[in-house]
Every structure is written in C-alpha cells, then in structure tokens.
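Student: Hi! I'd like to walk through this model with you. Could you start me off with whatever I need to know about helix lengths?

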Amino acid sequence: MRAAVSFAVLSLIAVGLALSLGHVPFGIDRMEVGRYYLTHGLADTGAANLVTGVVLNYRALDTLGEVTVLFIASLGLGVFMSLSGPRNGGKLPPTSLIVRRGAGFLFPLILLLGGYIFLHGHLTPGGGFQGGAVIASGFLLLYLGIPGLRLRHGPFTATESIAGLTFVIIGLIGLGVGGYFLSNFLPKGSPFALFSAGVIPILYVAIGLKVGAELAGIVANMIEGGEEG
Amino acid sequence: MNAGNPMFYVGAVGLILIGLFTVLTKRNLIKIIIGLTVLDTGVNILLVAIGYIHNRTAPILTQEHLDPTKMVDPVPQALVLTAIVIGLGVTALALGLAVRAYRHYKTLDTNKMRGLKW
Amino acid sequence: MIYIALLNVVMLVAALFAYYLRDLIAAVVACAAVSLLASILFYLLQAPDVAMAEAAIGAGLTTAIFVIAIRRTGRYEE
C-alpha cells in the first residue's frame with residue numbers, strides 16, 4: 001500500500017518536473033544578472049575567479065548564512081555525541097607500521113594542499129569550502145591511520161570560533177567604512193596577483209580555517225563519541 | 001552542438017525521483033538518510049545544468065584575454081557551492097540523531113520507533 | 001554525445017543499487033559512486049569549483065561519516 005501511494009506521488013512529481021523543464025531548454029542563454037556579474041566582475045571585485053566574486057562580494061550575506069548553518073550543525077552533533085553515555089567499543093582495527101608512519105608523513109602535506117587551495121581561491125578554482133574539506137580529509141586520514149588517537153577538541157573549537165568572529169568583524173568594519181555590511185574596503189590591487197581583490201582573500205582564509213576545523217571536529221566527534229565528562 | 005541535450009536533465013530528475021522513493025518506502029533510518037543524500041545530489045545537478053550555455057567555458061579568468069561574455073552563468077554555481085556544504089551538515093546531524101536513536105530504541109526500524117510511524 | 005548519456009545511465013544504476021542493496025556498507029559505497037559521477041558531470045557542465053567541492057565533500061567526507069555511523073549501529077537492514 002505504501003509503495004503504491006509512493007508511486008502515485010512520485011509519478012505526479014515526475015510529470016510536474018517534466019512539464020516545467022520543458023519550458024527551460026537546455027543550453028540557451030537566459031541570464032540577466034549573470035551577464036552583469038560576468039562583464040563587471042573583475043572591475044568591481046578584483047577577483048579573477050568570478051564564482052568567488054559572486055560568493056564573497058555580490059552574495060556575501062548568503063555565505064554568512066551558510067557559515068551559520070554549518071556552525072549549528074557542528075554544535076548539534078557535538079551535543080548529541082557527548083550525551084551518548086560511555087564510549088562504546090568500535091575500536092578501529094590495528095594498522096601496520098607503514099600505515100601509521102605514512103599517515104603521519106602525509107598529514108602536513110595534505111594540510112599544505114588545503115591551505116594552498118583556500119589561499120588562491122580568488123585566482124584559480126577552489127576556495128574556502130573546498131580547502132576546508134581537504135583539511136578535514138587530512139584529519140580523517142590521521143584518525144584512520146593511527147587507531148585509538150584522541151585529539152583535544154580545544155584547538156578545533158577555538159579555531160572555528162576565532163575564524164567565524166573574524167568573518168563577522170571584517171563585515172562590520174566594511175559596514176563602517178563602506179556603508180554596507182561586508183563591503184570590499186581594501187584596495188583591489190592588480191588582478192591575478194596573490195594580494196588582490198581587497199578583502200576577499202582574508203575572508204576565504206577565515207572561511208577555509210573555519211570549515212576545516214568544523215568538519216574535522218565533526219569527524220572527531222563521530223569517531224571518539226564525545227568528550228569525557 | 002546538441003550534445004547531451006536532454007540527458008543532464010534526465011539524470012538529475014532520475015536521481016531526485018530515486019532519492020525521494022528511498023525516503024518514502026524504506027524503513028531503515030540509515031537507508032532513509034542515504035536517500036536524502038542522493039536527493040540532494042540530484043537537485044544540485046539540476047541547478048548547475050540549468051545554468052549551462054552551449055559552447056561557453058567556465059567562469060574563471062585565468063588570463064587577461066579570456067572574454068567574459070563567452071562564459072556560463074556563475075550564479076547557479078555559487079549557490080550550489082553553498083548547497084553542497086549545507087547538505088553535508090544536514091547529513092552529519094541526521095546521522096548523529098540516528099546513532100542516538102539506536103542507542104535508545106536498540107533498533108533502526110522506523111516502524112518500531114514510537115512516533116515515527118508512516 | 002554518447003558518453004554523457006552513458007555517464008548519466010551509470011549514475012542512475014548506481015542510485016538504484018543504493019536503493020536495493022541490503023548491506024548498508026555496500027549501499028554507502030554506491031552512494032559514493034553517485035557522488036563521483038556527479039562530480040564528473042559537474043566538470044562537463046563547465047563548473048570546476050563545484051566539481052572540486054562535490055568530489056571532496058560528497059565522495060570523501062560523507063562516505064566516511066556514514067561508515068562511522070554504520071559501525072556504531074547495525075550493518076544489515078532488517
């Protein structure tokens with residue numbers, strides 16, 4: 001009975017989607033706002049990566065909302081995992097010497113790659129979210145390679161909070177200097193240089209560190225099952 | 001070039017339907033969360049596919065001479081970037097809830113958990 | 001051309017596997033395959049930023065969090 005009702009609902013949804021997508025032909029130039037962002041992006045923001053210019057200059061308030069949502073998710077997970085009583089077993093299987101040393105050797109290189117990705121977010125494809133995910137993958141490798149590892153959660157939460165505060169404080173300074181929240185108040189510099197695009201590299205460094213610490217904290221919470229006491 | 005003209009839409013809508021079907025019919029909580037992840041991926045593909053324009057390139061100026069009017073729409077890409085990360089946050093929180101529910105009810109079957117009957 | 005249709009069909013087949021398989025670890029691996037093929041499709045749609053994010057987050061961290069959660073609960077769907 002449940003499958004039949006689901007089929008009926010899904011076929012209605014499929015018909016609705018097909019009818020609406022019939023009015024959206026694939027690959028036709030329809031953009032209005034996008035055209036303005038493309039032609040004036042480099043002049044307004046100074047960022048060579050136009051998607052970065054949209055994310056951190058034209059639509060920066062949406063990025064602040066996304067950072068807030070991720071913060072709440074990490075907070076909620078920390079609360080769940082710390083309430084769950086004694087840490088159950090689930091011990092990861094023991095690993096050989098090569099895996100342990102290899103994980104320890106690769107970890108700083110992965111952090112370096114993640115740092116490169118979010119530092120050059122305004123020049124090449126990449127940015128804070130991708131760099132943060134790579135950093136969290138480095139921490140995951142460390143947890144898998146060295147079973148029984150317990151890291152202190154203090155530095156994770158401290159980095160996350162300080163980076164989030166930096167984002168908001170730069171926005172407020174932009175409010176004071178430029179007249180609107182998160183305005184780009186530093187000089188734009190010459191395009192394609194590392195120190196260009198005003199305040200965008202600083203924001204992406206803050207976002208990269210915040211997302212990296214958050215996702216690493218999520219992985220740490222799930223593996224360790226919360227903190228003692 | 002009419003390359004893959006309806007196929008991107010077919011793939012995205014197919015993922016949405018399969019994900020929705022998994023959420024509606026399956027009883028195991030983790031299977032429901034897997035369906036939610038597939039649904040989220042399908043929606044993201046649909047959004048980026050709507051912003052695609054034929055014979056144009058990625059919206060990144062790596063050199064001076066690239067023409068900004070020969071690029072695809074950057075707005076859906078910026079939105080989908082945010083949406084992917086939020087999807088991860090939702091998945092992590094849902095899995096935390098599932099682990100807590102398992103510890104309390106000793107089962108992951110939603111028919112046996114009070115208050116979650118379909 | 002033909003490879004776009006092929007990639008989409010393989011992605012849908014992987015999603016169907018994620019629906020049918022009773023071993024939850026295998027279903028999560030199928031979900032990772034869906035994310036990987038979605039990342040390739042994002043690249044073909046001229047969106048390298050989104051492809052990088054989907055590959056790092058979808059095929060990496062989501063799979064890891066699922067496997068950790070499945071180890072703490074049951075492995076097989078009853």
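Tutor: Happy to! The expected span of a helix is 1.5 Å times one less than its number of residues. Keep in mind that this is a predicted model.

Student: OK, so how many residues does α3(B) have, and how far does it reach?

Tutor: α3(B) has 31 residues, and from its first C-alpha to its last it reaches 45 Å, close to the 45 Å expected at 1.5 Å a residue.

Student: And what follows α3(B)?

Tutor: K106(B) comes next, and its phi is positive, near 65°. That is a positive value in a residue other than glycine.

Student: Is K106(B) buried or exposed?

Tutor: K106(B) is exposed, because 10 other C-beta atoms lie within 10 Å, and the cut-off for exposed is 12 or fewer.

Student: What about N55(B), what is its phi?

Tutor: N55(B) is not a glycine, yet it has a positive phi of about 60°. You'll find N55(B) in the loop between α2 and α3 of chain B. N55(B) is exposed too, with 9 other C-beta atoms within 10 Å.

Student: Let's switch to the interfaces. How many residues make the contact between chain B and chain A?

Tutor: Chain B brings 41 residues and chain A brings 40 residues. On the chain B side, the elements giving two or more residues are α1 (7–25), α2 (29–50) and α3 (75–105).

Student: Which element gives the most to that side?

Tutor: α3(B) does, with 16 residues. By class, the side of chain B that touches chain A has 29 nonpolar, 9 polar and 3 charged residues.

Student: And where chain B meets chain C, how many residues are there?

Tutor: There the contact takes 40 residues from chain B and 40 residues from chain C. α1, α2 and α3 of chain B each supply at least two residues of that side of chain B, and the largest share, 12 residues, comes from α3(B). The residues on this side of chain B divide into 27 nonpolar, 10 polar and 3 charged.

Student: Now chain C itself. What is its secondary structure?

Tutor: Chain C has 3 helices and 0 strands. Its C-alpha trace spans about 40 × 25 × 10 Å along the principal axes, and of its 78 residues, 49% count as buried.

Student: How do α2(C) and α3(C) sit relative to each other, parallel or antiparallel?

Tutor: The axes of α2 (residues 24–44) and α3 (residues 48–72) of chain C come within 8 Å and cross at roughly 175°. Because of that angle, α2(C) is roughly antiparallel to α3(C). Residues making this contact include L36(C) and F42(C) of α2(C), and A55(C) and F66(C) of α3(C). By class, the contact has 16 nonpolar, 5 polar and 1 charged residues.

Student: Last topic: how many residues does the largest nonpolar core have?

Tutor: It has 120 residues, and those with the most contacts inside it are V219(A), I65(C) and A69(C). Helix α8 (residues 200–224) of chain A gives the largest share of this core, 15 residues.

Student: What is V219(A) in contact with, apart from its sequence neighbours?

Tutor: Leaving aside neighbours within four places in sequence, V219(A) is in contact with A136(A), F139(A), L140(A) and Y143(A), and also with A64(C) and I65(C).

Note on methods:
Residues are numbered from 1 along each chain as its sequence is written. Chains are lettered from A and ligands numbered from 1 in the order in which they are written. This is a predicted model: local features need pLDDT of at least 70, side-chain atom pairs count only at pLDDT 80 or more; totals for chains, interfaces and linings use all residues. Two residues are in contact if their C-beta atoms, placed from the backbone, lie within 7 Å. Helices (H or I, at least four residues) and strands (E, at least two) are DSSP runs, numbered from the N terminus. Ala, Val, Leu, Ile, Met, Phe, Trp, Tyr, Cys and Pro count as nonpolar, Asp, Glu, Lys and Arg as charged, and the others, Gly among them, as polar. A nonpolar core is a set of buried Ala, Val, Leu, Ile, Met, Phe, Trp, Tyr and Cys residues joined through C-beta atoms within 7 Å. A residue is buried if 20 or more other C-beta atoms lie within 10 Å of its own, exposed if 12 or fewer, and partly exposed in between; C-beta atoms are placed from the backbone. Axes are lines fitted to C-alpha atoms, for helices over the stretch in contact, and angles run from 0 to 180 degrees between N-to-C directions. Angles under 35 degrees count as roughly parallel, over 145 as roughly antiparallel, 65 to 115 as roughly perpendicular and the rest as oblique.
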